[in-house]
Amino acid sequence: MSQAKKRTTTKSVKLQLFLWVGLAAAVAGCNAEYTPKPKGYNRIDLPEAAYQQLQEGHPYTFEFSKYAKIRPDSSKIAQPDWINIIYPTLGANVQLTYKAINNDPKAFNALVEDARKLTAKHQVKAYAIEETEIKTPQGDVASVFELSGEVPSQFQFYVTDTTTHFFRGALYFRTATQNDSLAPVIEFVKKDIVHLLNTLEFKDKK
């Protein structure tokens, strides 16, 4: 065999060997066990809790987060003394409404029923609604509702002295992010709401 033919044969054998090795590696790669990566969430850095006193002239006052802003309710059905606690960096909004009872038992019962209906509207998406009744340091009764699942409002409450004042709140997030990834922020704002309840005072309270 001539030297030219030997070189051609050697190159042919090397090329075939290379192709077979590449094919074997590809097959091995296809048969290798695949381990999916766990779902990751964006890191959320939350500040230390700090509070300030509500300064607006409402029939109630409380302490709220220094990282939040107070804005009047601008909805069409808004009434005097309805406000929002806005968290600009967290996309959270605590909607607060207030109504005077004026020693009217029927008005009181209607307000309680309305508050419960507004919470029950989320039952379609909520897989659990936990209700807790507590007494605030000022002696008023607060009913707190914690909602689990992909619901737009994860925490709601109302506070009343049953004769004069009815104060309701609901936490919302202006984002499509799933509640699993919002969990740290939800807990952060919930603690702020608990602090609000502990510092809530009706101004004509003696």
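How many bridges join β6 to β10? Nine, and the two strands run antiparallel. Hold on to that pair, as we'll come back to it.

Some housekeeping. This is a predicted model, where local features need pLDDT of at least 70 and side-chain atom pairs count only at pLDDT 80 or more, while totals for chains, interfaces and linings use all residues. Residues are numbered from 1 along each chain as its sequence is written, and side-chain values use heavy atoms, with hydrogens and water left out.

Okay, the parts list. We've got three helices and eleven strands. Those labels are DSSP runs numbered from the N terminus: helices are H or I with at least four residues, strands are E with at least two. Walk along the sequence and you get α-β-β-β-β-β-β-α-β-β-β-β-α-β. The chain has 206 residues, and 35% of them are buried. Buried here means under 20% relative accessible area, exposed means over 50%, and partly exposed is in between, with a 1.4 Å probe and protein chains only.

Now the sheet. Seven strands make an open one, in the order β4-β5-β6-β10-β9-β8-β7, with antiparallel pairing. Two strands count as paired if DSSP finds at least two bridges between them. At the edges sit β4 (69–72) and β7 (126–135), each pairing on one side only. From one strand to the next, the twist averages 20 degrees. That angle is taken between N-to-C directions and runs from 0 to 180 degrees, using axes that are lines fitted to C-alpha atoms (for helices, over the stretch in contact).

β4 pairs with β5 (residues 83–87) through four bridges, antiparallel, and Pro 72 has Ile 83 as its bridge partner in β5. Further in we meet our opening pair, where Ala 100 is partnered with His 165 in β10.

Next to β10 comes β9, joined to β10 by six antiparallel bridges. If you want landmarks, Thr 160 stands opposite Phe 166, and Tyr 158 stands opposite Arg 168. These two strands form a hairpin with four residues between them, and Thr 162 in the turn has a positive phi of about 75 degrees. On to β8: six bridges join it to β9, again antiparallel, with Phe 145 partnered to Gln 156. That's a hairpin too, this time through five residues.

So which strands are tucked away? Six of the six residues of β9 are buried, so β9 is largely enclosed by the rest of the structure. For β10 it's eight of the nine, so that strand is largely enclosed as well. In a regular strand, side chains alternate between the two faces of the sheet. In β9, Phe 155, Phe 157 and Val 159 point one way, Gln 156, Tyr 158 and Thr 160 point the other, and all are buried.

What about the core? A nonpolar core is a set of buried Ala, Val, Leu, Ile, Met, Phe, Trp, Tyr and Cys residues joined through side-chain atoms within 4.5 Å. The largest one has 32 residues, and Phe 62, Ile 85, Phe 167 and Val 189 touch the most other members. Elements giving two or more residues are β5, β6, β8 (141–149), β9 (155–160), β10 and α3 (179–199). The top contributor is α3, with eight.

On a 1 Å grid over the protein atoms alone, a cavity is a set of points where a 1.4 Å probe fits but can't get out; a pocket is an open set with protein on both sides within 12 Å along at least five of seven lines; and lining residues have an atom within 4 Å of a point. Grid points are joined across faces, edges and corners, and volume is the space filled by probe spheres set on them.

The largest pocket holds about 430 Å³. It has 20 lining residues, and the closest to its centre are Ile 77, Trp 82, Thr 97, Leu 118 and Arg 168. β6 (92–100), α2 (105–120) and β10 (165–173) each supply at least two of the lining residues.

There's also one cavity of 30 Å³ or more, and the largest cavity is about 50 Å³. Its lining includes Ile 85, Tyr 87 and Leu 196, with β3 (63–65), β5 and α3 each supplying at least two residues.

That's the tour, thanks!
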